[in-house]
Amino acid sequence: MAVDTTKNPIPFEMAQIPGPEMAKAYPVKVIGAIIKKAKRPLLVVGAELFDDPVMFDKAIEIAKAKNMTIAATAHTIKGFIERGYTTNVYQIGLHPLTNYLRFKDWKGLDGQGHYDVVIFMGIFYKFANAMFSALKHFNRDIKRVSIDRYYHVNADMTFGNLAFDSAGYHEAIDELIAILKK
Amino acid sequence: MAKLEGSFTVEDMKNVQINIGAVVKEEEEWDQPMGPFPKPQIATLRDWDFKILNRYRIFYAPADDTCTLCTFGPCDLTGNKRGACGIDMAGTCGKIVLVACLMGTCAHTAHGRHLYHWTLDKFGDMKFDMGTDILVTAPLTETIIGIRPKSLKDFGKALEYCEEQITQLLAATHTGQEGSYVDFESKALHAGMIDSLGKEICDMLQIVAYNMPRGDPNAPLVEIGMGTLDQNKAVLIAYGHNLAAGAEAMFYTETNNLWDKVDIGGVCCTAIDLTRIGEGMGEKKVPDMIGTKAKVAGAVGWWRKMVRAGIMDTVMVDEQCVWCDALKDCEERKIPLIATNDKILYGLKDRTNDPVDEIVDDLVNFRVPGVVILDPVKAGEVGVKTAIAVKPKRADIRNRIVLTEDEFKKLVSSCTKCNECAFVCPPHIRISNLMEEAAKGNLEPFSSTYEVCVGCGRCEQVCRQNIPILKMYEYANREYIRNQKFKMRAGRGPIRDTEIRAVGAPIVLGTIPGVIALVGCSNYPNGTKECYDIAKEFVDRGYIVVTTGCMAMDMSLYTDAEGKTIWEQYPGAFDGRNICNVGSCVANAHIHGAAIKVATIFAHRNHRANYDDIADYILSKVGACGIAWGAYSQKAASIATGVNRIGVPVVVQPHSVIYRRAFLGRADLPEDWMVIDARDGSKVRIEPAPEHMLYVAETKEEAMLMMAKLCFRPSDNSIGRMIKLTHYCDISMKYFGKLPDDWPVYVRHASELPLAWKDQMMKELEEKYGWKIDWKAKKIVEGPIRPADVSFDPTNIERKIRVRK
Ligand code: SF4
Ligand code: SF4
Ligand code: SF4
């Protein structure tokens, strides 16, 4: 039985209630299908992965399954280097990255063009939330997907809160990987 | 109209020249002519602001999607929609940013206004004198107002100017006024500049009146930490940012020989300022070296932890950064509270005009939880007397405050692991895990997260089991608290002219890799330890590290292997491999001041009423970067914005995204990086240096890398650029495991390549980036954005062009 990722969809930081437009929590298979369908998705991973290092391996699997660029924010790149994964992964701060993402004339990390879907994972909640907000208001052409263990209010699509269910979260990510590989 | 004595009227002002002694004298004593912008109004420096804002794009991350500022609202602004009044989401964000900056600016300026009246009342007008080592005495006042103050009274003119600007700026935020987000940001930059001036006024007034150190690199080491407060004496805590009442408590204690009965400590910036009193070389109107008798209990973030540790007997609050429920905290623990400043009155009765003994009697017998006393002298006396008299009465309560082993165990086992607390905890501490471990007898998680916890108390509010989580922290860390005794360097005040002369050239040419300023509070998650780590990283690398306020306090709580605090590890001059504690938050002004002095003392620029020119010089040539790692208050917003207007980038901690706004450069757009060569007016494309103006970093590692990068300036000479690049690359290797991707952007000549990676880099430049290399001569023939040119004179201001090509 797959993990129910739609459960517990309340803001992880409880007072984080932005307004009329709030994210919807989706099952893995819907989020998986959206990522699979994306033309130029970007996986953005942050330094919380160091707290749960197995997530580095899972991030690599996700990226490989969809042949997707990884933006490693803060010093997250270190985790990828340690795993010998250095192709198609870029080191960039989340702040300048989001700044670039909001401009339609940006050419992307590899110079090959802009992105249509951004997928956040492992980024400090408050920071990720604010960067989702920037895109929500100032570049609505990009779909905002969170595959983090939190319910993310400013995403388009997110999981519910799995913050206290590590096993369930890992299972959800594995299911996502399986969908992308299919 | 009533005629004032000594006044005269001239009916027809045309062709009349009036020479008033003082004005003429001032002109004579200051060889600089009046610059173009004395007392700039909102729009005066708008051109300069737009130069910053065009290069560093305004970035908003709205904290909410609606506006509720007027009765048309709530308006849904999602997706940059417009509200009923016509403002869009970006405009609304700009407005909120301006309001936040104004809150900070008002706090500093109002503090200055209070000190102005109080110091003149108490001491009378005094000569404004910074001693023989500091001749550019009030750099911000001089640069912004165009006057050079001669006595404390002269700061009145500067204060009036600040107050007028604040009123005009605040008016612009009314519904139906400003609608352009760019202009809101220009106004915010103006507010930031006023903030810096307000701070200078505050600190200059108190330095002179209270005889604080005037740029003393060897300011004494003072005691800091909860464990320094002697529990055998009564403990009086002064809490806030305005030293007036706390200082009077010290004078009263000194005059009446009561130091064996009372210990006076401070929380937040009042603490830092109390430890500076009487340590200067000026007029001695206060007891000599009395400051070293005060103790710094801790920074603002430690308040709740301290109050729960049962350390204090009486609290005097003044203004700014005092928790709004300090009275409730105190009342629950029967700690009498005295409010001493009209900005915080807590609903208490004003007892300013009542006899001292009556007030003390009421407080000591707990008839009232607290009182207002707006006369600092009386407040000081009541504070000391109350603390001494109430101490024995509180003995029983003190014991009750602290948990017993049984109580602790019981509470630990009452946790249902519902995790409600973790949902509201800013640093996301998994409190239920701490409880679980504690139940097994392992208190380590309670210890290792003690300083990560910011003491906000949100967890306690939501816990359905009513577990007093902060008290549990206190219990688990009681030994640590008892032994929390460290040394901090007292605030030294401004930077000396001689220091600027020594470091001016190395800073501008880049051989001192940069000036790192750690300012503001560090009370947000991990701020405490991480500010020490950051300071240590840069001071070890030979940067000039300066710090103020709670940052200076918090970094004092850590020691090296030999048990030395950062103040004992390094000297306190404004020089490479030194760290100076400039003073409390208002002393931030001296960091602006130091940058101005590099322009005026080292480069001989006229700074008088010449703000944009000086800011342009700093942006182009002074490799400095500020960091506010955990700052929570609106003052942090105004401080950072003021620092930005004068051309210095700032890195902030992720919680600062709540301020909504950043200034970020786009390195991918060459047109954003065009400057003028002042020698001939030609346009030159520069490397993105500094790349950003206001930047949120996710981790301390990212912050350090970014700060090293933001110290790059177009004027670095080749040796300087090599040194800066070396640190940038080395920090990257150390924390990221690789060289930064953009290192080639900063290379203009082979001699700028860091020696450790030189050959590898040359190869990469050729193979990966297609640069032409002359391998025999080991030279770069083609590739860089521009060649190294030591006489290049970058500017962003047309009027600085010397000869047009
Ligand atoms: S100020 Fe404007 S946007 Fe805000 S509530 Fe009023 S009409 Fe709406
Ligand atoms: S008091 Fe400490 S543990 Fe509790 S919510 Fe605040 S930061 Fe978290
Ligand atoms: S809210 Fe209270 S009961 Fe629930 S996990 Fe936190 S401490 Fe335990």
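## Ligand shells, cavities and annotated sites

The shell of residues around ligand 3 divides into six nonpolar, four polar and two charged. (Here Ala, Val, Leu, Ile, Met, Phe, Trp, Tyr, Cys and Pro count as nonpolar, Asp, Glu, Lys and Arg as charged, and the others, Gly among them, as polar.) The structure is a predicted model, in which local features need pLDDT of at least 70 and side-chain atom pairs count only at pLDDT 80 or more, while totals for chains, interfaces and linings use all residues. Residues are numbered from 1 along each chain as its sequence is written, chains are lettered from A and ligands numbered from 1 in the order in which they are written, and side-chain values use heavy atoms, with hydrogens and water left out.

Which residues surround ligand 3? They are Cys415(B), Thr416(B), Lys417(B), Cys418(B), Asn419(B), Glu420(B), Cys421(B), Ser432(B), Cys463(B), Gln465(B), Ile467(B) and Ile469(B), where being near a molecule takes a heavy atom within 4 Å of it. Around ligand 2 stand Cys425(B), Pro427(B), Ile431(B), Cys453(B), Val454(B), Gly455(B), Cys456(B), Gly457(B), Cys459(B) and Leu470(B). This shell of ligand 2 holds eight nonpolar and two polar residues, with no charged ones. Ligand 1 has Cys67(B), Leu69(B), Cys70(B), Phe72(B), Gly73(B), Cys75(B), Gly83(B), Ala84(B), Cys85(B), Ile87(B) and Thr175(B) around it. Sorted by class, the shell of ligand 1 comes to eight nonpolar, three polar and no charged residues.

Attention now turns to the spaces inside the protein. Searching the whole structure gives twelve cavities of 30 Å³ or more. (On a 1 Å grid over the protein atoms alone, a cavity is a set of points where a 1.4 Å probe fits but cannot get out, and lining residues have an atom within 4 Å of a point; points are joined across faces, edges and corners, and a volume is the space filled by probe spheres set on them.) The largest cavity holds about 260 Å³ of space. Its lining counts 25 residues, and those closest to the centre are Ala517(B), Ile591(B), His592(B), Val643(B) and Val648(B). In chain B, strand E12 (515–518), helix H24 (588–602), strand E15 (624–628) and helix H26 (634–645) each provide at least two lining residues of this largest cavity. (Helices, H or I with at least four residues, and strands, E with at least two, are DSSP runs numbered from the N terminus.) H24(B) gives the most, six residues. The lining of the largest cavity has 21 nonpolar, three polar and one charged residues.

The second largest cavity contains about 200 Å³ of space. Among its 21 lining residues, Val652(B), Ser656(B), Tyr659(B), Arg661(B) and Leu694(B) lie nearest the centre. H26(B) supplies the largest share of this lining, four residues. The lining of the second largest cavity includes 16 nonpolar, three polar and two charged residues.

An unreviewed UniProt entry places the feature "binding site" at His241(B), Cys269(B), Cys321(B), Cys521(B), Cys550(B) and Cys585(B). These positions span 345 residues in sequence, yet no two of their C-alpha atoms are more than 12.2 Å apart, so they gather at one spot. (UniProt positions follow the numbering used here, feature names are shortened, and annotations may be inferred rather than shown by experiment.)

Cys321(B) sits in the loop between strand E8 (314–317) and helix H10 (326–332) of chain B.

His108(B) lies in helix H3 of chain B, and its relative accessible area of 0% makes it buried. Not counting residues up to four places away in sequence, His108(B) touches residues including Asp195(B), Cys202(B), Cys585(B) and Lys635(B).

Finally, helix H25 (residues 611–621) of chain B has eleven of its eleven residues buried, so this helix is largely enclosed by the rest of the structure. Among the buried residues of H25(B) are Tyr611(B), Asp612(B), Asp613(B) and Lys621(B).

Note on methods: 1 Å grid on protein atoms, 1.4 Å probe; cavity = no way out; pocket = protein on both sides within 12 Å on 5 of 7 lines; lining within 4 Å. Buried < 20%, exposed > 50% of the residue type's maximum accessible area, 1.4 Å probe, protein only. Contact = heavy atoms within 4.5 Å.
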